[in-house]
Each structure stands twice: as C-alpha cells, then as structure tokens.
Amino acid sequence: MGCILLRTPLTYGRVQDSFGHSISYLRVSITDRCNERCNYCMPNELQEWMPRDEVLTYEELTRIMRVAVTLGINRFRITGGEPLTRREVPSFFQMLQNVEGITSLGVSTNGTLLAKEISPGVSMAALLAQTGVNSLNLSLDTLRRERYAAVTGRDFLDSVLRGIDSAQAAGFEQIKLNCVLMRDQSEDDVLPLIAFAGERGLLLRFIELMPVSTTDVLSEERFFPIAEAKRRIEAKWGALIPEPDFKTNGPANYYRIAETGQRIGFIGAMTDFHFCESCNKLRLTCDGKLRPCLGSHLEFDLKEPLRAGATDEELREFFLHVIARKPKEHDFRTTYQPNRKMVAIGG
C-alpha cells in the first residue's frame, strides 16, 4: 500500500492515503503541560512532564508545518496539553504568520487563559486573532462550578467564562464549545449547555468518551452515548434536523434544532461506525511523533531526522511514509490499550 500524490491546479499537491482519504489537516501539539487535570485526559494527575529539550522548538514546529503545506496539508490546529501555558507562545503564532499556504489555523484550549492580558489592553484571545488564528475549540463540560472543579481538578470556571467573553470580543470566525459526555454527569448538563451556546451564538458539539489515557477512563458505567444525548434534546425541542452538508475540519455530524434554528454537533467515535470514512488528519505530538490516527498506537519519530539535519524533501518523504500507513479505522472498539495519556498525544 502507498499514498497517492495528486496534482491539482493549486500550488501544492493533494495527498491521499491508501483508502482514499485526502489528508489536509494536521493537529500540532506544542506542549504536554496543562493547568487543569481533567479526569479523562490526565486522571489522578498521573503525568510526568517531558523534559524541555525533548519538546520541539517553535522553529522546528514552524518548519514542519511549512513542509506539510507543500503536501497540500493547509489546515492546522494548535493543541496541547493546554497550548497557551507554553512560554512565549505569542511568538510562535507570530512566526506562523510567515508560513504561506495555511488556509485555516485553529487553537484547542480549555479557555482559562484567553482573557489574560498579554500587553496593555490586549488579551490572549485578541492577540491570537491578530496573528491569524481564525477558530477556537474550547472545552466546556458543565456550567456548574462544583462539577467543573470535580471534572477538571481546578476551580477555573469563572476564568473560562471570561475567556469566552474575550474570544467573542476578539471576533474569531468560529468558536466551538466541546463537551465530553459522561454518565452521571451529562444527563443534566446537555440542555443548559445548549441554552448557553445558543444565547451566545456559539457552535456546541457533544463528544463521546474514548478509551484514552488509562484503561479505566472508558467503562460501561461512565459511557454516555450520543444517541442518548439526542433523545434528551429531542424530548425538549422535537426532532433534530440533520445537516449532512455542513462540515468543519473534524468528524462531527451536525443537526439543527427546528424550534430555535440552533446548530449542534455530535462526535461519536464509539457508536458511529462511519466515523473514520472521511478522516483527513494527522497528529504531531510535542516531542515530534507523527501519528496517523488517534485510535492507533502507530507513531513515527519525526524529531530524530529533523534534528539530524534532514532536508525538506526528506521530511516530505517522511510524511508520505506515515500517510501510507494510516489505518482504515481506529482501534477504539477492539484491541486499543492506551500507551500515552491524552495530554501527551495532543487534544
């Protein structure tokens, strides 16, 4: 099997894997560190931080992204850990302004640092918008303060709400709220979160819990399927209207609430058996491992050739090697056993 480089009228080629997936999206983790301790990402605070010299520098990350663009990968999302905790992170986004060919640049964040003042009168959110970030994904599993602290290990809900206000004031093209569904919690969080997102004009997505971080993160007792969330929503507002033609960069399926017109999304890696059919992404961990699939143990060390003096063409060939090994679908429903915590893979 191999990947296919298709020439198009665009400046760069468009690369496909062996199963016909067009690979156009790279999620780039810039740190494994986080200021929260979410129980599905870093349970029980069980995490040893990577030594700083093992983490890719901003210059190395920028070079990798520049090479990726030459393969037709033009959509990027910066993740962590919590990416905004990394030192001098504004300088990284300023560097990315010089990378030609990026058509979409997003950040995944817990939102706690978006309202932080970076310079007089300029918030972190405003600086991101000024340096070319056009979308934000914010984690928000509940609006209940005590529950938020229990899920994240930190009492930061007020900071998150201020961060959302700052993000909206900054004028991003799109702000998405992500809620991970969990049994004995989400039952009474689903409807309030929809109301919250609707009042602010934000796009809300519900995400099924996946077996990441440790083997006991996902259990029958904790699993809350998207089908049940839909039933609760439809009991309140009536049948949801599918929107198959509305897409964002990820695998969410979107619906509208007929009564209000509000759009909501569902990401069901465990129960959606078509979940992988349109996959378009790779992941780069902060220590330089290129992963073709979140739900697979496959990862390839890009840092070693990068630091050994590889040319851009050799790095391109490395990408093609990894893309050729992208699996048809994830292993979450079968043999998958976590070998890294989610915080170390990149959200």
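A crossing is left-handed if the near helix is turned anticlockwise from the far one by less than a right angle, and right-handed if clockwise. By that rule, helix 6 and helix 7 cross in a right-handed way. Helices here are DSSP runs (H or I, at least four residues), strands likewise (E, at least two), numbered from the N terminus.

This is a predicted model, so local features need pLDDT of at least 70, side-chain atom pairs count only at pLDDT 80 or more, and totals for chains, interfaces and linings use all residues. Residues are numbered from 1 along each chain as its sequence is written, and side-chain values use heavy atoms, with hydrogens and water left out.

Helix 6 (residues 190-200) packs on helix 7 (residues 226-237) at about 65°, with the axes 10 Å apart. Axes are lines fitted to C-alpha atoms, for helices over the stretch in contact, and angles run from 0 to 180 degrees between N-to-C directions. The pair is therefore roughly perpendicular (65 to 115 degrees; under 35 is roughly parallel). From helix 6, Val190, Leu191 and Ile194 meet Ala229, Arg232, Ile233, Lys236 and Trp237 of helix 7, contact being heavy atoms within 4.5 Å.

Now the other pair. Helix 1 (residues 58-69) and helix 2 (residues 89-96) pack at about 30°, axes 10 Å apart. That makes helix 1 roughly parallel to helix 2. Their crossing is right-handed.

Finally, the whole chain. What does the protein chain contain in helices and strands? There are ten helices and 17 strands. Of its 347 residues, 56% are buried (under 20% relative accessible area, 1.4 Å probe, protein chains only).

Methods
Parallel < 35°, antiparallel > 145°, perpendicular 65-115°, else oblique. Buried < 20%, exposed > 50% of the residue type's maximum accessible area, 1.4 Å probe, protein only.
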